[in-house]
Amino acid sequence: MTQELETYFNNYFSMFRSEGWKQLISDLQSNVTQINSVEMTTDNNNLNFRKGQLAILATILNFETQIDNAHAESENTEEAIDEVV
C-alpha cells in the first residue's frame with residue numbers, strides 16, 4: 001500500500017474513533033426513524049424528498065463499513081501481489 005493510501009485510510013479510521021463521529025452517527029440514526037415515517041408524508045413530492053434524504057443518510061451511515069471494506073481489499077490485493085513476486 002502506498003504511503004498516500006495508508007494516510008487516507010488512517011485519517012478516516014482516526015475520525016471514526018472520535019466522539020464527534022459517534023455522536024453524528026447516533027443523531028443521524030435517530031433522524032432516519034423520523035424521516036422514514038409514512039404518517040409524516042404530505043404528498044408525492046414530499047415522499048420523493050424523503051427517499052432522497054434516506055439515500056443520503058444510508059450512504060453516511062454505511063461509510064465506515066465502506067472504508068473498512070476498501071482497506072481490507074487494498075491489503076488483500078497487496079498480499080496477493082507479494083505472493084506472486
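In which helix is the place of Gln29? Gln29 lies in helix H2, where helices (H or I, at least four residues) and strands (E, at least two) are DSSP runs numbered from the N terminus.

The structure is a predicted model, in which local features need pLDDT of at least 70 and side-chain atom pairs count only at pLDDT 80 or more, while totals for chains, interfaces and linings use all residues. Residues are numbered from 1 along each chain as its sequence is written, and side-chain values use heavy atoms, with hydrogens and water left out.

**The chain as a whole**

The chain contains 4 helices and 0 strands, and from the N terminus on its elements run α-α-α-α. The radius of gyration of the chain is 18 Å, well over the 12 Å that the globule rule gives for 85 residues, so the chain is more spread out than a compact globule. This radius is taken over C-alpha atoms, and the globule rule is 2.2 Å times the number of residues to the power 0.38. Along its principal axes, the C-alpha trace spans about 60 × 30 × 15 Å.

Of the 85 residues, 16% count as buried. Buried means under 20% relative accessible area, exposed means over 50%, and partly exposed lies in between (1.4 Å probe, protein chains only). Contact means heavy atoms within 4.5 Å. Among the contacts in the chain with a separation of 6 or more, 64% are accounted for by residues 24 or more positions apart.

**The nonpolar core**

A nonpolar core is a set of buried Ala, Val, Leu, Ile, Met, Phe, Trp, Tyr and Cys residues joined through side-chain atoms within 4.5 Å. The largest such core has 6 residues, namely Phe9, Phe13, Phe16, Trp21, Ile25 and Ile67. Helix H1 (3–17) and helix H2 (19–35) each supply at least two residues of this core. The largest share, 3 residues, comes from H1.

Phe16 is found in helix H1 and is buried, with a relative accessible area of 5%. Leaving aside neighbours within four places in sequence, Phe16 is in contact with Trp21, Lys22, Phe63, Glu64 and Ile67.

His71 has its place in helix H4 (residues 63–84). At 17% relative accessibility, His71 counts as buried. Not counting residues up to four places away in sequence, His71 touches Met1, Phe9 and Phe13.

**Residues with greater exposure and selected distances**

Gln29 is partly exposed, with a relative accessible area of 47%. Ile56 is found in helix H3 (residues 44–61) and counts as exposed at 55% relative accessibility.

| Pair | Separation in sequence | C-alpha distance |
|---|---|---|
| Gln29 and Leu61 | 32 residues | 7.7 Å |
| Ile56 and Asn69 | 13 residues | 19 Å |
| Phe16 and Thr41 | 25 residues | 33 Å |
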